[in-house]
Amino acid sequence: MNKLKLNSSSITFIPILVCIPIAYELFINFHIGGIELLKEFIISALNPKINNEIIFTLVKRLNETIFIAFSSWLISMIFGIIFGILSSEIFFKILNLPIFLKRFLNLFLTFMRSIHEMIWGLILMQIYGINFSIGIIAICIPYIAINAKVFSDQIENINLKTVESIKQINGNKYSTLITLVWAPVIETFKNFGLYRFECAIRSTAILGLFGVGGIGTSIFLSFQTLNFRELWTYLWGLAFLIIISKELLNKFNLSNSSKKFLTSIVIALFCIGLFSLSFFVYFIFYKNGIPFNSINNLLISNLNFNSYDFLKLLLETIVLCLLSTGIAISFPPIFILILNNQIGITIIRIISFLFRLIPPPVLILLLLMFNDPSISLAAITLGLHNAAITSKLLLANLYNQDNKQYIAMKSLGIAKRSSWLFGSFVKQANSYLAYCAYRSDIIIRETAILGVIGSVGLGWQLKESLSSFAWEEVLVILIAYSSIAIIGELINGKIKSNLT
Amino acid sequence: MINPLLELKEVSYKNKNNFTLNKVSLRIKSGEKIALLGKNGSGKSTLISLLNGTLKPNKGSVKLFNTEFDKLNLYQKSKISTIWQDLRLIEDLSAEQNVNCGLLGKQSFLFAFKNLLNISSFNKAHQYMQVCNLKESIFSKKIGKISGGQKQRVAIARSLVQESDILLADEPFNNLDPKLTSNIKNLLLITKNKNKIKVPNTTLISMHRLDLLDGFNRIIGMKNGEILFDLEKTKLKKFHLNKIY
């Protein structure tokens with residue numbers, strides 16, 4: 001008998017097996033109490049509330065969202081670039097600095113990156129109270145570290161021989177450094193930096209659900225009062241903002257703009273960023289430094305964990321990551337395979353758009369209407385949200401690829417689905433899995449959001465510990481979160497390098 | 001005895017691939033025009049990288065102006081310019097920005113920044129690019145978008161604009177047609193020309209083409225990481241060449 005051999009395509013489908021335990025748990029926890037509400041929610045999507053008052057609130061909330069998202073994007077981009085350069089090997093080589101500083105900086109950035117902006121937001125809100133600045137700072141902390149990693153990775157790609165040749169000209173160190181890093185920084189900003197603005201809008205919406213302000217706050221308040229028509233007005237408003245910002249950024253084609261124009265923008269952004277930072281430093285240390293209402297609790301708090309419970313929560317978080325990742329990987333190719341026609345693909349596009357649009361906390365609250373809190377419920381929520389993102393990428397790549405092989409197979413009389421599987425999908429399987437590996441890094445961080453809302457994993461414990469100002473517990477949870485994220489990142493890094 | 005400009009004393013070097021340069025000694029005096037001959041893999045590029053300080057020898061010493069390389073300041077180091085075999089240009093910058101990079105050794109950080117912003121003066125770069133037979137239409141093109149021969153001349157212009165005293169060139173005539181080869185060879189070997197640009201007085205060029213030896217006054221032959229002969233051009237005989245090829 002032949003041995004079973006796995007390839008990228010089969011590995012993509014196997015994670016669908018996670019649906020067995022998920023479906024079982026969802027089935028035994030199912031109740032029909034919220035079916036009416038769900039029906040109302042779905043109908044309201046087509047009948048959002050529109051009147052002067054709500055339009056006024058919507059515009060106000062969208063303005064807040066734009067303000068928080070833009071400020072955090074700008075600051076995180078500027079400092080991301082700076083830290084990206086500082087954490088690159090070329091920086092240390094050119095300036096002849098000891099390499100342990102780089103390792104120290106990378107460790108610090110990894111910690112910042114490994115904790116979701118929502119957790120930073122909750123912690124900062126607990127310390128400083130609710131305001132816009134908290135939202136901006138909470139987003140900036142992980143975003144700066146994420147941007148720094150992307151910029152640093154691109155800078156590391158510079159050919160070392162080019163570095164040698166510029167070094168050999170023997171200019172001053174800073175001239176050499178800027179000459180070498182300029183092009184990769186500008187390229188990365190064009191390819192990655194502009195997209196991060198959309199991410200900042202989504203993060204602002206999620207933080208808004210926890211009271212930071214912006215459209216998320218209105219979404220959450222509408223949900224709490226079960227005012228679904230109002231909720232959909234805000235959700236469509238958010239969709240409008242995301243689509244418009246994307247279109248505007250696409251129009252803002254940097255490759256066609258002159259170098260002078262581009263660099264003027266970079267300098268202007270740099271100045272604005274520095275100004276913003278100085279404002280926030282002032283805000284934190286001088287304006288709002290005194291009402292650090294929990295300082296006493298910080299000093300007297302102690303660890304009240306039951307280690308068994310803590311390990312259970314840790315394990316729950318890991319299981320949640322695995323189940324969600326399984327769904328995010330396997331759902332898109334399976335649904336595209338099953339609904340492999342024009343109408344089917346359009347349906348997939350619409351559904352995935354909605355799952356991307358509805359923030360995971362709102363989605364889980366919807367699902368909680370007819371299911372009890374469980375890991376499976378959190379996993380299906382997080383999995384569906386991320387499957388919507390991976391399906392968008394997969395569809396785009398399938399659309400852009402050369403279809404000769406698919407056409408050739410179909411012309412041989414092979415069934416449409418088999419032709420798609422072996423003629424189209426096989427070519428994308430490797431890169432799709434590599435992207436999913438990257439996505440699972442994000443899923444690990446996002447488990448925190450679902451934990452807080454869906455009462456599972458460490459997120460739930462974090463909420464409890466924050467509410468009781470048990471700072472030592474908060475610290476232990478942060479370290480646990482960070483450790484899971486770092487280990488996950490290392491494993492995913494290995495997978496990515498094997499696939500690409 | 002005239003002090004050498006550049007001196008290699010009993011230099012040994014071993015790289016990751018176990019290629020070895022064994023106890024090589026060499027003295028280069030001002031005004032010399034040296035052709036470095038040898039088969040591929042004979043050690044010519046390694047020797048050039050040791051001479052410009054990019055590689056550090058495992059044994060022996062490399063001295064410029066009678067000073068160990070490690071003890072030289074940036075100004076002294078900038079007296080050497082190099083044309084690399086693989087050119088080592090910055091792909092995302094334009095041809096003129098790449099040539100301007102050659103001026104980094106003599107200019108401030110502000111110049112480097114202005115060069116990247118495309119607002120620095122390109123007069124000098126253009127002058128050298130024209131001398132290297134580059135047409136104005138490619139000045140502002142990105143390196144990735146010009147031909148191999150044009151890239152070769154951009155790399156040559158970048159090293160010439162440094163206005164160094166010593167030029168080390170590793171197969172600079174690659175990718176050039178016969179007419180351009182002749183023009184560039186004349187440019188690299190003649191210190192004053194009609195364009196009144198400064199060309200390094202001392203030149204070491206590694207190459208394969210024996211028909212281009214006119215104009216050189218010293219020939220060095222290398223094989224398997226060793227210098228097999230080092231003599232005046234007039235004393236070069238066919239059997240010398242047979243030793244290395």
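This is a predicted model: local features need pLDDT of at least 70, side-chain atom pairs count only at pLDDT 80 or more; totals for chains, interfaces and linings use all residues.

The dialogue that follows takes the two chains in turn.

Me: How many helices and strands does chain A have?

Reply: Helices (H or I, at least four residues) and strands (E, at least two) are DSSP runs, numbered from the N terminus. Chain A has 23 helices and 0 strands.

Me: What percentage of chain A is made up of buried residues?

Reply: A residue is buried if 20 or more other C-beta atoms lie within 10 Å of its own, exposed if 12 or fewer, and partly exposed in between, with C-beta atoms placed from the backbone. Of the 500 residues in chain A, 42% are buried.

Me: Is A:R113 buried or exposed?

Reply: A:R113, which is found in helix 6 (residues 99–114) of chain A, is buried, because 23 other C-beta atoms lie within 10 Å. Leaving aside residues up to four places away in sequence, A:R113 touches A:P142, A:A145, A:I146 and A:K149. A:R113 and A:S482 are 369 residues apart in sequence, yet 8.4 Å apart in space, C-alpha to C-alpha.

Me: Which residues of helix 12 of chain A are buried, and what do they pack against?

Reply: Helix 12 (residues 215–224) of chain A is mostly covered, with 7 of its 10 residues buried. These are A:I215, A:G216, A:T217, A:S218, A:I219, A:F220 and A:S222. The buried residues of helix 12 pack against helix 4 (52–86), helix 11 (195–209), helix 13 (228–251) and helix 18 (360–367) of chain A. Helix 12 is followed by A:L226, whose phi is positive, near 55°.

Me: How do helix 2 and helix 19 of chain A cross?

Reply: Axes are lines fitted to C-alpha atoms, for helices over the stretch in contact, and angles run from 0 to 180 degrees between N-to-C directions. The axes of helix 2 (residues 19–28) and helix 19 (residues 375–400) of chain A come within 8 Å and cross at roughly 120°. Angles under 35 degrees count as roughly parallel, over 145 as roughly antiparallel, 65 to 115 as roughly perpendicular and the rest as oblique. Helix 2 and helix 19 of chain A are therefore oblique to each other. On the helix 2 side, the contact is made by A:P21, A:I22, A:E25 and A:L26, and on the helix 19 side by A:S376, A:L377, A:A379 and A:I380.

Me: How many residues of chain A are in contact with chain B?

Reply: 21 residues of chain A are in contact with 24 residues of chain B. Helix 9 (160–168), helix 10 (173–193) and helix 14 (259–287) of chain A each supply at least two residues of the side that touches chain B. The largest share of that side, 8 residues, comes from helix 10 of chain A.

Me: In what order do the strands of the open sheet in chain B stand?

Reply: Strands of a sheet pair through backbone hydrogen bonds, either parallel or antiparallel. Two strands pair if DSSP finds at least two bridges between them. In chain B, 6 strands form an open sheet in the order 6-7-8-3-9-10, with mixed pairing. Strand 6 (80–83) and strand 10 (226–232) of chain B stand at the edges, each with a single partner strand, so one side of each is left without a neighbour in the sheet. Strand 6 and strand 7 (residues 166–170) of chain B run parallel and are joined by 4 bridges; B:S81 has B:L167 as its bridge partner in strand 7.

Me: Which strands does helix 6 of chain B lie across?

Reply: Helix 6 (residues 148–160) of chain B lies across strand 6 and strand 7 of chain B, running at about 180° to strand 6.

Conventions. Residues are numbered from 1 along each chain as its sequence is written. Chains are lettered from A and ligands numbered from 1 in the order in which they are written. Two residues are in contact if their C-beta atoms, placed from the backbone, lie within 7 Å.
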